[in-house]
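Below is a set of questions and answers for a reader new to this structure. The sequence and structure come first.

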Amino acid sequence: MAYSWDNRVNFVVRYLYDLDGNGYLDEKDFACLALRATIVEGKGEFSYSKLQENQHIMFGLWEEIAELADFNKDGRITADEFKQAVQQCCMGKRYEDFPQAMKMFIDSNFKMVDLNDDGVIGADEYRFNCITKFAIDDVEIVDEAFNNMLNDDDRRRGGITLSRYQELYAEFLGNPEETPAVYLFGPLSEFFYYEMLEEI
């Protein structure tokens, strides 16, 4: 169950997009994503021009996701709405076929994980990314997940490149089967994403 497609999409909503943890996606989450990307990429330094660049990416992603997933047009996207949109836009598709703003987000996410900017996400960067996203109490399961994700070329390079990350991300979202891509974000648990009450 932890690596089922449904649980993987719950993970994406809960830990990659819903930064304020209120149970749905809205424009505020994407403003927070832009600032987070700016600070992480700058390793703590703030650049207004970089923030504007990241805002362009994140607000473009929000508009694209809202167009695809905000079925009732209330300015909020629930986990269920997001899943429906992913099924329509990503299921069975390669990275090249994803919506443009989503591809820009994936590339931006790679940059945030590749802390030393060498073009490869190594084991140390993978570990750091995992433990900053959700609770983990055993580094060995993180390392095992990393090794399970790698193919022979990845092992020769010492990690995953941007093109490999794109391929794995597309498979994480778009393939219902449990392939090595299920380990892209670490050793997953079951993530229950409760919908917010109607009156909120």
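Q: Which residues on the other side of H3 are exposed?
A: Helices (H or I, at least four residues) and strands (E, at least two) are DSSP runs, numbered from the N terminus. Exposed means over 50% relative accessible area, buried under 20%, and partly exposed in between (1.4 Å probe, protein chains only). The buried residues of H3 include Leu 51, Ile 57, Leu 61 and Trp 62, and they lie on the same side of H3, because they cover an arc of only 165° around the axis, taken from the directions from the helix axis to the C-beta atoms. On the other side, the exposed residues are Ser 49, His 56, Glu 63 and Glu 67.

Q: What is the basis of these values?
A: The model is predicted, and local features need pLDDT of at least 70, side-chain atom pairs pLDDT 80 or more, while totals for chains, interfaces and linings use all residues. Residues are numbered from 1 along each chain as its sequence is written, and side-chain values use heavy atoms, leaving out hydrogens and water.

Q: Is Arg 164 buried or exposed?
A: Arg 164 is found in helix H9 (residues 162–174). Leaving aside neighbours within four places in sequence, Arg 164 is in contact (heavy atoms within 4.5 Å) with Met 149, Leu 150, Asn 151 and Asp 154. Its relative accessibility is 9%, so Arg 164 counts as buried.

Q: How far apart are the end C-alpha atoms of helix H3?
A: The expected span is 1.5 Å times one less than the number of residues. The 22 residues of H3 (residues 48–69) should therefore span 32 Å, which agrees with the distance between the end C-alpha atoms, 30 Å.
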